[in-house]
Amino acid sequence: MALCTLLLPHTALADEALSFLSQKNGDILWTMLGAILVMFMQPGFALVECGLTRAKNAGNILMKNFVDFSVGMPLFFLIGFGLMFGTSNGFLGTPSVGMQFIDPTTTEGGWAWTFFFFQAMFAATSATIVSGCIAERTDFKAYILVSVLVSAFIYPISGGWCWNSLFGETKGWLENLGFIDFAGSTVVHSVGGWIGLAGALCVGPRLAKYSPDGKSLAIPGHNIPLAALGVFILWFSWFGFNCGSTTTPDGVVGYIAVNTCLSACTGFAAAMLTVWCITGKPDPSMAMNGVLAGLVGITAGCFEVSPPGSIFIGIICGVLVVFSVLFLDQVLKIDDPVGAVSVHGVCGFTGTVLVGLFAAPGYGAHVGLLYGGGMDLLFVQLLGAFSVGMWAFLMGWITFKLADKLIGLRVSREVELKGLDMTEHGTDVYSGFQIFSNE
């Protein structure tokens, strides 16, 4: 910048050029900071999933989280980014539009690479949500195939329906209808949740999860403090998710941060009180899922709603996540060890729809039903959340069935009893600290 100042004459045009460069560099720095925070969500997810499952599978869970990021990012670079952000017909971007063809030495090129890195972190987040839904009984090789298809095809295609114009001039079909998902309640979180639901149905429940008469039996996680640390990491990193989605460090990031934090706080309180009333105990794991439910729920509308609206969204999602976890587990007999379907799928859907109610005048660009905005936005939000959810679930179902056919989706009874760490990875991640049991 100092060199530019020396070379350019002090004219109005030069000042305008310097202002543009300064602003663009500010956008790059802000978005890169957001992307780094979103990357930090990966250890958060890993710790939550490890803590809420058994010690004999901790290494397998860590490996799956590394696969989601390490395999997913190159595939998003080569295939997914073009499908999501290439010139689109409304449903599919141009796969040939790849980052490798963009000159990084120009201002526009520098921004493009930053935008790609930010979006690649989102893709990795969506993929890693699936892991928790099918933990402790899924073949590692089959999971790699699932992760590949999620990052390269399933996530980018539906993402392009909602966000294609963020990089180019074309719009996805949901964008054209006015669908709002500012930071990814539907695009990122519900996609991961609904794919995970398909996986949980395909792989079946863990051994000894249900008694012969169909009663749900608790399989406690081995390290709740580890899970709590993961939740705090996710909470911290979520400010990169929501505030970073502005892609520019302007004044709106303040109320976006407030909305994000208020919803997480009330999500915790609502989940804690709800499970306390139902069971007589304020269960820590359910309350911590309330934090995540509030964060997922506010992500779609963090730019559009007011702080009082974010409080209500957190309360609604905090209550809902408890009933959803219990319903899936005890009524539908779907074994989701970490509650990811409820947190990300159900609350991602709900938070997206609630934008149609709580979008407040004076904040974003839309007005919801509760502020006199009419039904149109609510209907569009319902259509978008439902359409993306159906796409993710159906494609997830096909993907898991394909993995089962080609590789075999579920490990054997002997492997599951011994634990996936020793049988699949040949390691004991708690060597010298834990005595394992096959019970």
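Colleague: How many salt bridges does a search of the whole structure find?

Modeller: The search turns up eight salt bridges, counting a side-chain nitrogen of Lys or Arg within 4 Å of a carboxyl oxygen of Asp or Glu. Bear in mind that this is a predicted model, where local features need pLDDT of at least 70 and side-chain atom pairs count only at pLDDT 80 or more, while totals for chains, interfaces and linings use all residues. Residues are numbered from 1 along each chain as its sequence is written, and side-chain values use heavy atoms, with hydrogens and water left out.

Colleague: Thanks! Which residue meets R206 in a salt bridge?

Modeller: That would be D335, with 2.8 Å from N to O. The two come from distant parts of the chain, 129 residues apart: R206 is in the loop between α8 (185-203) and α9 (224-243), and D335 is in the loop between α12 (307-331) and α13 (340-358). Helices here are DSSP runs of H or I with at least four residues, strands are runs of E with at least two, and both are numbered from the N terminus.

Colleague: Is R206 buried or exposed?

Modeller: R206 counts as buried because its relative accessibility is 5%. Buried means under 20% relative accessible area, exposed over 50%, and partly exposed in between, using a 1.4 Å probe and protein chains only. D335 is buried too, at 1%.

Colleague: What about K418, which residue does it pair with?

Modeller: K418 forms a salt bridge with E414, and their closest N and O atoms are 3.0 Å apart. Both sit in helix α15 (residues 413-418), four residues apart, or about one turn of the helix. K418 is partly exposed, with a relative accessible area of 42%.

Colleague: And which residues do shared partners join into one network?

Modeller: Salt bridges with shared partners tie together R54, E136, R206 and D335.

Colleague: Where does E136 lie?

Modeller: E136 is in the loop between α5 (107-133) and α6 (140-163). It is buried, with a relative accessible area of 0%.

Colleague: Switching to backbone: what is the phi of E136?

Modeller: E136 has a positive phi of about 80°, although it is not a glycine. Most residues other than glycine have a negative phi.

Colleague: What about A208, what is its phi near?

Modeller: Phi of A208 is near 65°, again a positive value in a residue other than glycine. A208 lies in the loop between α8 and α9, and it is exposed, with a relative accessible area of 59%.

Colleague: Last one: which residue does D139 meet in a salt bridge?

Modeller: D139 meets K141, at 3.4 Å from N to O. D139 counts as buried, since its relative accessibility is 10%.
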